[in-house]
Structures are given as structure tokens and as C-alpha cells.
Amino acid sequence: MQIALQLKQRTLIVSLTGELDHHGAEQIRSMIERAITERDVKNLIFDFSDLSFMDSSGIGMIIGRYKLIHSLGGGVALVCTSPQMKKLVTMSGLGRLISVCQSVEQALTKVKGA
Amino acid sequence: MDNQMKLEFLSKSSNESFARATVSAFVSQLDPTLEELADIKTAVSEAVTNAIVHGYQNPDGIVCILCETNGQNVRIEIRDEGRGIPDISLAMQPLYTGSPETERSGMGFTVMEAFMDSVSVESAPKKGTKVILTKKIGNASC
């Protein structure tokens, strides 16, 4: 799994390619928390448009980061286009907590309005 | 039984991807749709993660996967010799997690039940756990 972090104003965009499972979730968690600590991050966008697989470990990781960002007064959005991942997101009820978007541009609009 | 595959690996989280890929490759012989393959891959990932995270909680155990096909039917057994589940019905409740101090979503069994045709669990404290997943693969059109 490849991880890329980009800061746009105060929104951290986490882009993943490859597969996100329990093993990968551990790696991302510490990277994101370090970025939030070291940079002026208010909002968080997970860009999973190039992710080929995710299981419920990814859901747990997103919820954990949502709790942190929410406590800081920020917004979280997920960019997700895969039917399989959308099925998982719907099943988890994650869409009730965060915005699920078709593009990073749409996600940026959503989190800035949070 | 038409075909069978057995896989054993250490309970390291880095083996989760390898386990999914191996089962996917074996099941591909039945010509599943992309959705069916993704369903199986996700369910297997959940069961293997459970064995690693809850069954053993260390990288020294052995996880065993037995996969059988019979016509278009797939049966996948994921077994560990770890600490076992004291209350299976509680463990299978949506959002319940045996590791509340971590970021486990508690959705593993819910995902397995949603994505497979059947899920059965055999387990007892200190006696390990066996999860059996079944799915019938539809015929893809050429």
C-alpha cells in the first residue's frame, strides 16, 4: 500500500493506493497522527479513489481519525468510488458520520463547510 | 469435492494480503464475477484478521486456511489454535469487539455474514477457533 499526504490550507488529504487492511491501518494511523501534530491540520480527507481493496479495519481507522478531528472542530470526508467499498461504507453507517464523495474537489467543499 | 487447497502461515499481519490473494486465486477457477471475488476476499480478510488480532495477539501462531470447491460451491475454513471465543453469540453481535482498547470496528462477523452465503463458528476458550464460510458462485456469461 502506498500512502501520500498533502496539505491544502488546513485540510490534510490522505491518498492511498493498493489495499487497506489491518496491517496497513496500523501504518496509516501513526502517519496521520504525526502529521496532525506537526502541521496545522483541521480537516481530513481520505482519498480512496485508487484503493483496490478495503476491509473493516479501514472503517475502524477512519472512525478513529474522525473522533480525533471532530474533537478539534474539523470535518472528515471520504472519496470512494469502488462499489465494493461503498457497500462496506454503507453497511458500517460511516456515511452518517462523514461525507462520502466522488472526488477530492467535492470533499474539500464538504469539509470546509463542516 | 472437486478441488482443495490448504494454506498455513504465521499470524503476522503482513500475511493478511497474501492469504486473501491465495484464496482469490484458487476460487478464480470457478470464474466468479468481480463482485463475488471481492466479497470472498473481504470475508476471508475479516476472518484471517480475527485469527491474528484476537486468536493469537502475537505473530507466533499458525493460521490455517482450508479451501474446497464442489461444483460452483466454495467452502473456506479459517482455523487458529489461539485463545478461543468464550461467548460466540456475543462475539458475532454487530459492533462488538473483543479489543475495545484498539480501533477495531467490531464489524468482522457482520461483513462475513453479509458477503458470504453462510458463516459458522466453532470455538471454545483455549481451544482455538474455526470459522467456516460458504458461497455459491454464479456462472459468468462469456
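Student: How many aromatic pairs are found over all chains?
Tutor: A search of the whole structure finds 2 aromatic pairs over all chains. Rings of Phe, Tyr and Trp (its six-membered ring) pair if their centres lie within 6.5 Å; planes under 30 degrees apart count as stacked, over 60 as edge-to-face and the rest as tilted. One of the pairs is formed by B:Phe9 and B:Phe18, and this pair is edge-to-face, with 6.3 Å centre to centre and 85° between the planes.

Student: What kind of model is this, and how are residues numbered?
Tutor: This is a predicted model, in which local features need pLDDT of at least 70 and side-chain atom pairs count only at pLDDT 80 or more, while totals for chains, interfaces and linings use all residues. Residues are numbered from 1 along each chain as its sequence is written, chains are lettered from A and ligands numbered from 1 in the order in which they are written, and side-chain values use heavy atoms, with hydrogens and water left out.

Student: What area do chain B and chain A bury between them?
Tutor: Chain B and chain A bury about 1800 Å² between them, and 51% of it is on carbon and sulfur atoms. Buried area is the accessible area (1.4 Å probe) that two parts lose on being put together, summed over both. The contact, meaning heavy atoms within 4.5 Å, takes 23 residues from chain B and 20 residues from chain A.

Student: How many salt bridges are there between chain B and chain A?
Tutor: The count between chain B and chain A is 5 salt bridges. A salt bridge is a side-chain nitrogen of Lys or Arg within 4 Å of a carboxyl oxygen of Asp or Glu. One of these joins the side chains of A:Glu19 and B:Lys41, at 2.8 Å from N to O.

Student: Which helices of chain B supply residues to that side?
Tutor: Helices α1 (16–27), α2 (34–56) and α4 (108–115) of chain B each supply at least two residues of the side that touches chain A. The most comes from α2(B), with 9 residues. Helices (H or I, at least four residues) and strands (E, at least two) are DSSP runs, numbered from the N terminus.

Student: What does A:Lys87 do there?
Tutor: The side chain of A:Lys87 meets that of B:Glu35 in a salt bridge (3.1 Å, N to O). B:Glu35 lies in helix α2 of chain B and A:Lys87 in helix α3 (residues 83–92) of chain A, so the pair joins two chains. The charged end of A:Lys87 also sits over the ring of B:Phe115, 4.7 Å from its centre. A charge sits over a ring if NZ of Lys or CZ of Arg is within 6 Å of the ring centre and within 35 degrees of the ring normal. A:Lys87 is partly exposed, with a relative accessible area of 27%.

Student: How many salt bridges are there over all chains?
Tutor: The count comes to 12 salt bridges over all chains. Among them, the side chains of A:Arg65 and A:Glu33 meet at 2.7 Å, N to O. A:Arg65 lies in helix α2 (residues 56–71) of chain A and A:Glu33 in helix α1 (residues 22–38) of chain A, so the pair ties together parts that are 32 residues apart in sequence. A:Arg65 is buried, with a relative accessible area of 2%, whereas A:Glu33 is partly exposed, at 33%.

Student: Which residues does A:Met1 touch?
Tutor: Not counting residues up to four places away in sequence, A:Met1 touches A:Leu16, A:Thr17, A:Glu19, A:Leu20, A:Gly24, A:Gln27 and A:Ile28. A:Met1 lies in the segment before β1 (2–8) of chain A, and A:Met1 counts as partly exposed at 31% relative accessibility.

Student: Where is A:Gln9, and what is its phi?
Tutor: A:Gln9 is in the loop between β1 and β2 (11–20) of chain A. Phi of A:Gln9 is near 55°, a positive value in a residue other than glycine. Most residues other than glycine have a negative phi. A:Gln9 is exposed, with a relative accessible area of 65%.

Definitions and conventions. Buried < 20%, exposed > 50% of the residue type's maximum accessible area, 1.4 Å probe, protein only.
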